[in-house]
Amino acid sequence: MLKSDGDIIRGLGFVTLYSAYAEEQADALLERLSRIEAFDDPKRKWRISRKLPHALELLERLERQSGAQLPNLKKVLQDGPELFERRNELVHGRIYPGLHEGPDTLRSGRPNVPNQDIEAEQLYELANSFMNYQGALVGTDSIPLAHALSQYVPENASLLPNQQRP
(Lines give C-alpha, C1' and ligand atoms only; values in the text may rest on other atoms or scores of the structure.)
Protein backbone atom coordinates (compact mmCIF):
# COMPACT_ATOMS: atom_id res chain seq x y z
CA MET A 1 0.00 0.00 0.00
CA LEU A 2 1.12 3.48 -0.84
CA LYS A 3 1.61 5.89 2.04
CA SER A 4 1.00 9.56 1.47
CA ASP A 5 4.03 11.79 1.53
CA GLY A 6 1.85 14.89 1.26
CA ASP A 7 2.74 15.44 -2.41
CA ILE A 8 -0.55 16.06 -4.20
CA ILE A 9 1.01 15.85 -7.69
CA ARG A 10 2.68 12.51 -6.97
CA GLY A 11 -0.62 11.26 -5.54
CA LEU A 12 -2.44 12.27 -8.73
CA GLY A 13 0.23 10.45 -10.75
CA PHE A 14 -0.35 7.27 -8.74
CA VAL A 15 -4.12 7.55 -9.30
CA THR A 16 -3.54 7.85 -13.04
CA LEU A 17 -1.04 4.99 -13.16
CA TYR A 18 -2.99 2.52 -11.02
CA SER A 19 -6.29 3.28 -12.75
CA ALA A 20 -4.57 2.47 -16.06
CA TYR A 21 -3.45 -0.87 -14.59
CA ALA A 22 -7.03 -1.53 -13.49
CA GLU A 23 -8.28 -0.77 -17.01
CA GLU A 24 -5.73 -3.25 -18.33
CA GLN A 25 -7.17 -5.92 -16.02
CA ALA A 26 -10.71 -5.09 -17.19
CA ASP A 27 -9.51 -5.69 -20.75
CA ALA A 28 -7.94 -8.99 -19.67
CA LEU A 29 -11.25 -10.05 -18.12
CA LEU A 30 -13.08 -9.20 -21.34
CA GLU A 31 -10.49 -11.29 -23.21
CA ARG A 32 -11.31 -14.20 -20.89
CA LEU A 33 -15.01 -13.65 -21.53
CA SER A 34 -14.45 -13.53 -25.30
CA ARG A 35 -15.63 -17.13 -25.49
CA ILE A 36 -19.11 -15.70 -24.86
CA GLU A 37 -18.72 -12.68 -27.14
CA ALA A 38 -15.67 -11.50 -29.08
CA PHE A 39 -13.63 -8.69 -27.58
CA ASP A 40 -12.79 -7.12 -30.92
CA ASP A 41 -11.00 -3.89 -31.85
CA PRO A 42 -14.09 -1.65 -31.67
CA LYS A 43 -14.82 -2.90 -28.13
CA ARG A 44 -11.19 -2.40 -27.11
CA LYS A 45 -11.67 1.30 -27.89
CA TRP A 46 -14.70 1.64 -25.62
CA ARG A 47 -14.38 3.75 -22.50
CA ILE A 48 -14.08 1.91 -19.23
CA SER A 49 -17.56 3.17 -18.33
CA ARG A 50 -18.87 0.98 -21.14
CA LYS A 51 -16.50 -1.98 -20.73
CA LEU A 52 -17.39 -2.75 -17.11
CA PRO A 53 -21.18 -3.01 -17.66
CA HIS A 54 -20.50 -5.10 -20.77
CA ALA A 55 -18.31 -7.48 -18.75
CA LEU A 56 -21.10 -7.71 -16.17
CA GLU A 57 -23.63 -8.53 -18.90
CA LEU A 58 -21.36 -11.29 -20.25
CA LEU A 59 -20.86 -12.67 -16.75
CA GLU A 60 -24.62 -12.81 -16.21
CA ARG A 61 -25.05 -14.63 -19.54
CA LEU A 62 -22.40 -17.11 -18.45
CA GLU A 63 -24.17 -17.66 -15.14
CA ARG A 64 -27.51 -18.28 -16.84
CA GLN A 65 -26.05 -20.74 -19.33
CA SER A 66 -23.68 -22.60 -17.02
CA GLY A 67 -25.50 -22.38 -13.70
CA ALA A 68 -22.32 -20.95 -12.12
CA GLN A 69 -22.60 -18.38 -9.36
CA LEU A 70 -20.06 -15.56 -9.48
CA PRO A 71 -21.49 -12.98 -7.06
CA ASN A 72 -18.14 -11.60 -5.89
CA LEU A 73 -16.90 -10.81 -9.38
CA LYS A 74 -20.29 -9.31 -10.24
CA LYS A 75 -19.95 -7.01 -7.22
CA VAL A 76 -16.44 -5.98 -8.31
CA LEU A 77 -17.78 -5.08 -11.76
CA GLN A 78 -20.72 -3.19 -10.25
CA ASP A 79 -18.40 -1.17 -7.98
CA GLY A 80 -15.98 -0.19 -10.74
CA PRO A 81 -17.87 2.65 -12.44
CA GLU A 82 -18.01 4.71 -9.23
CA LEU A 83 -14.28 4.27 -8.70
CA PHE A 84 -13.48 5.37 -12.25
CA GLU A 85 -15.87 8.31 -11.92
CA ARG A 86 -13.87 9.50 -8.91
CA ARG A 87 -10.73 9.23 -11.01
CA ASN A 88 -12.36 11.21 -13.84
CA GLU A 89 -13.32 14.03 -11.46
CA LEU A 90 -9.66 14.40 -10.51
CA VAL A 91 -8.05 13.89 -13.88
CA HIS A 92 -10.48 16.16 -15.73
CA GLY A 93 -10.65 18.73 -12.97
CA ARG A 94 -8.00 21.21 -11.93
CA ILE A 95 -6.14 21.30 -8.66
CA TYR A 96 -5.10 24.71 -7.37
CA PRO A 97 -2.72 25.16 -4.44
CA GLY A 98 -4.08 26.72 -1.31
CA LEU A 99 -3.10 30.27 -0.49
CA HIS A 100 -1.46 31.16 2.80
CA GLU A 101 -1.35 27.58 4.08
CA GLY A 102 -5.00 27.02 3.11
CA PRO A 103 -6.26 23.76 1.61
CA ASP A 104 -5.70 22.85 -2.05
CA THR A 105 -8.83 23.14 -4.19
CA LEU A 106 -10.24 20.84 -6.84
CA ARG A 107 -12.21 22.71 -9.49
CA SER A 108 -14.38 20.56 -11.69
CA GLY A 109 -14.27 20.72 -15.44
CA ARG A 110 -18.05 20.31 -15.36
CA PRO A 111 -20.42 23.24 -15.02
CA ASN A 112 -22.28 23.87 -11.76
CA VAL A 113 -20.08 21.58 -9.68
CA PRO A 114 -18.83 23.32 -6.54
CA ASN A 115 -15.14 23.53 -5.71
CA GLN A 116 -13.94 21.13 -3.05
CA ASP A 117 -10.94 20.92 -0.79
CA ILE A 118 -8.52 18.17 -1.72
CA GLU A 119 -5.61 16.63 0.16
CA ALA A 120 -2.82 14.34 -0.95
CA GLU A 121 -4.11 11.64 1.41
CA GLN A 122 -7.33 11.42 -0.62
CA LEU A 123 -5.34 10.83 -3.80
CA TYR A 124 -3.19 8.14 -2.21
CA GLU A 125 -6.31 6.49 -0.84
CA LEU A 126 -7.84 6.44 -4.33
CA ALA A 127 -4.61 5.09 -5.84
CA ASN A 128 -4.67 2.28 -3.26
CA SER A 129 -8.31 1.61 -4.12
CA PHE A 130 -7.29 1.13 -7.75
CA MET A 131 -4.44 -1.14 -6.70
CA ASN A 132 -6.95 -3.29 -4.81
CA TYR A 133 -9.48 -3.11 -7.65
CA GLN A 134 -7.07 -4.40 -10.25
CA GLY A 135 -6.27 -7.36 -7.99
CA ALA A 136 -9.97 -8.02 -7.49
CA LEU A 137 -10.57 -8.07 -11.25
CA VAL A 138 -7.92 -10.76 -11.59
CA GLY A 139 -8.45 -12.84 -8.47
CA THR A 140 -12.11 -12.67 -7.49
CA ASP A 141 -13.99 -15.86 -8.39
CA SER A 142 -11.14 -16.79 -10.76
CA ILE A 143 -11.43 -20.56 -10.26
CA PRO A 144 -15.25 -20.68 -10.57
CA LEU A 145 -14.98 -18.39 -13.61
CA ALA A 146 -12.42 -20.67 -15.28
CA HIS A 147 -14.64 -23.68 -14.58
CA ALA A 148 -17.77 -21.97 -15.93
CA LEU A 149 -15.93 -20.86 -19.07
CA SER A 150 -14.63 -24.38 -19.65
CA GLN A 151 -18.23 -25.63 -19.51
CA TYR A 152 -19.64 -22.83 -21.65
CA VAL A 153 -21.42 -23.84 -24.84
CA PRO A 154 -22.12 -20.91 -27.16
CA GLU A 155 -25.82 -20.25 -27.62
CA ASN A 156 -25.53 -20.62 -31.38
CA ALA A 157 -23.48 -23.84 -31.27
CA SER A 158 -25.03 -26.64 -33.27
CA LEU A 159 -25.78 -29.81 -31.38
CA LEU A 160 -25.67 -33.35 -32.67
CA PRO A 161 -29.15 -34.96 -32.84
CA ASN A 162 -29.08 -36.64 -29.40
CA GLN A 163 -27.15 -33.96 -27.51
CA GLN A 164 -28.59 -31.61 -24.99
CA ARG A 165 -27.16 -28.42 -23.56
CA PRO A 166 -25.65 -28.82 -20.09
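This is a predicted model: local features need pLDDT of at least 70, side-chain atom pairs count only at pLDDT 80 or more; totals for chains, interfaces and linings use all residues.
How many residues does helix 4 have, and how far does it reach from its first C-alpha to its last? Helix 4 has 21 residues and reaches 31 Å between those two atoms, close to the 30 Å expected at 1.5 Å a residue, where the expected span is 1.5 Å times one less than the number of residues. Helices here are DSSP runs of H or I with at least four residues, strands are runs of E with at least two, and both are numbered from the N terminus.

Residues are numbered from 1 along each chain as its sequence is written, and side-chain values use heavy atoms, with hydrogens and water left out.

Staying with helix 4, there is a kink of about 30° at Gly80, shortly before the proline Pro81; the bend at a residue is the angle between axes fitted to the seven residues ending there and the seven starting there. Gly80 is also one of the buried residues of this helix, which include Leu73, Leu77, Phe84 and Arg87, buried meaning under 20% relative accessible area, exposed over 50%, and partly exposed in between, with a 1.4 Å probe and protein chains only. The cover over the buried residues of helix 4 includes helix 1, helix 3, helix 5 and helix 6, together with strand 2 and strand 3.

Let me turn to one of those neighbours. Helix 1 (residues 8-32) packs with helix 4 (residues 71-91) at an angle of about 145°, their axes being 11 Å apart, where axes are lines fitted to C-alpha atoms, for helices over the stretch in contact, and angles run from 0 to 180 degrees between N-to-C directions. From helix 1 the contact draws on Leu12, Val15, Thr16, Ser19, Ala22, Glu23 and Leu29, and from helix 4 on Leu73, Leu77, Phe84, Arg87, Leu90 and Val91, with contact meaning heavy atoms within 4.5 Å.

Helix 3 has 19 residues and reaches 26 Å from first to last C-alpha, close to the 27 Å expected at 1.5 Å a residue. Its buried residues, among them Ile48, His54, Arg61 and Glu63, pack against helix 1, helix 2, helix 4, helix 5 and helix 6. After helix 3 comes Gly67, whose phi is positive, near 80°.

The C-alpha atoms of Tyr124 and Asp7 are 9.4 Å apart, although 117 residues separate them along the chain. Asn128, also placed in helix 5, is buried with a relative accessible area of 8%, and with the sequence neighbours up to four places away not counted, Asn128 touches Met1 and Leu2.

Finally, where does Thr140 sit? Thr140 is in the loop between helix 5 and helix 6, and it counts as buried because its relative accessibility is 18%. Beyond its neighbours within four places in sequence, Thr140 is in contact with Asn72, Leu73, Val76 and Gly135. By contrast, Ala28 of helix 1 counts as partly exposed, at 33% relative accessibility.
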